Amino acid sequence: MTINWAIALPCFLTALVEWVEAFTIVLAVSLSIGWRSAAGASFAALAVLAALTAASGGVLQLGGALPWLQFAIGVLLMLFGVRWLAKAVARGSGLKNLHDEEAEFAATRAELGSADHRAAWLIAFKGVFLEGLEVWLVVVALCARQQQWASGIAAAGLALACTLAMGFALKKPLQRVPENLIKFVVGSMIVAFGTFWVLEPLAGAANPLHDWALPLLVAFYALSGLALIALFRSSSQSAQETIR
Amino acid sequence: MKAFVKTLVGDLRNVAVVAGILAIGAGLALAGHAAAAWLVMPVVAVGGVAWLARHG
C-alpha cells in the first residue's frame, strides 16, 4: 500500500487532536459509569462514524469528479479550516487561552454531576461522535478527490491507536499534545485545500500558480498566520504599555 | 442537531466570513477575472481569519 503523505499527514494530525478531546470526555464519564459502559458508548459512536464514512465514500466514488461536488467539498473545508486557523491564531497571540484538557475534564465531571447512567452514556457517545465528526469531514474531504481512502482512514486509525495507548498509559487527560501548533498547521493546510477545491472547478484553467498552487497556498496561509500572531501580540503589548 | 451542525460549519460568524470569502473569490472567477481570483481569494481569506481571531 502506497501512503499519500499529503493526505495522511493532515488526517493524522486532525484525528490526533480530536481523539485526545474525545478521550478526555470518555475518561470523565468512565469515572461515573465505569470503563465498560464508557467504552461501549465510544464504540457505538465510532461505529456510526465508520458507517457515515463508508456511505459518504460510496456516494463520492460515484460522483467524485463532478465539479459541483468538488466545490461543495471545498466549501466544507473552508468552513473547517478557517475556524481552526483563526482559533490557533487567537490562542497563539494570547487573545484566547490555550485549550486546557484538565479544565475540559473538570467541566465534563461537573456536567455529569448527578447524571444517571443513560445521561452519562449519552455524554460519552455525543462527545466521541462530535469530535469524530471533524475527523470524518477531513478524511472524506481529502480522500474523495483522489480516491485515496486507505491513506486517510489508516492515518485516522493510527491517531486513535496512539491516543488510546497514551491515555491508558497515563490514565489522565492528555496535556502534552501540542494542540495549538497542530491546529495551526492543519488549519493552514485545510484552508489551502479548500481554496484550491473551490477555485479549481470555477477557474482551474486560469490558475497562475499551476502545479505549485497547493504548496504555495499552504505556505501563504502558514506565513500569514504567523504574521497575524506577531501583529496581534505586539498590538496587545502596546495597549498594555499605553494603559501603564 | 444544533451541536451536529455547529461541529460541521461552525457558528454564524464563521459561516458569514467564509460566505464573504467565497463571494469574492467565486464572484471574480465568474466575472471573467479567473486568474485574479487565485490571488485575491487567499488574501481575503487571511483577512477573514484575522477578523475571526479577534472577534470569534
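**Entry 1**
I started at A:Phe168, which I found in helix H6 (residues 149–170) of chain A; helices are DSSP runs of H or I with at least four residues, numbered from the N terminus. The model is predicted, so local features need pLDDT of at least 70 and side-chain atom pairs pLDDT 80 or more, while totals for chains, interfaces and linings use all residues. I kept in mind that residues are numbered from 1 along each chain as written, that chains are lettered from A and ligands numbered from 1 in written order, and that side-chain values use heavy atoms, without hydrogens and water.

**Entry 1: salt bridges**

I looked at A:Glu21 and A:Lys183, whose side chains meet at 3.6 Å, N to O. This pair links helix H1 with helix H7 (residues 179–203) of chain A, 162 residues apart. A:Lys183 also bridges to A:Glu179, with 3.2 Å between the closest N and O atoms. Those two both sit in helix H7 of chain A, four residues apart, about one turn of the helix. Shared partners join A:Glu21, A:Glu179 and A:Lys183 into one network. I checked burial too: A:Lys183 is buried at 6%, A:Glu21 at 11% and A:Glu179 at 11%.

My next pair was A:Arg83 and A:Glu134, at 3.2 Å, N to O. A:Arg83 lies in helix H3 (residues 67–92) and A:Glu134 in helix H5 (residues 117–144) of chain A, so the bridge ties together parts 51 residues apart in sequence. Both A:Arg83 and A:Glu134 are buried.

**Entry 2: chain B**
I counted three helices and zero strands in chain B (strands are DSSP runs of E with at least two residues). Of its 56 residues, 41% count as buried. Its C-alpha atoms fill a box of roughly 40 × 25 × 10 Å along the principal axes.

Conventions. Buried means under 20% relative accessible area, exposed over 50%, partly exposed in between (1.4 Å probe, protein chains only). A salt bridge is a side-chain nitrogen of Lys or Arg within 4 Å of a carboxyl oxygen of Asp or Glu.
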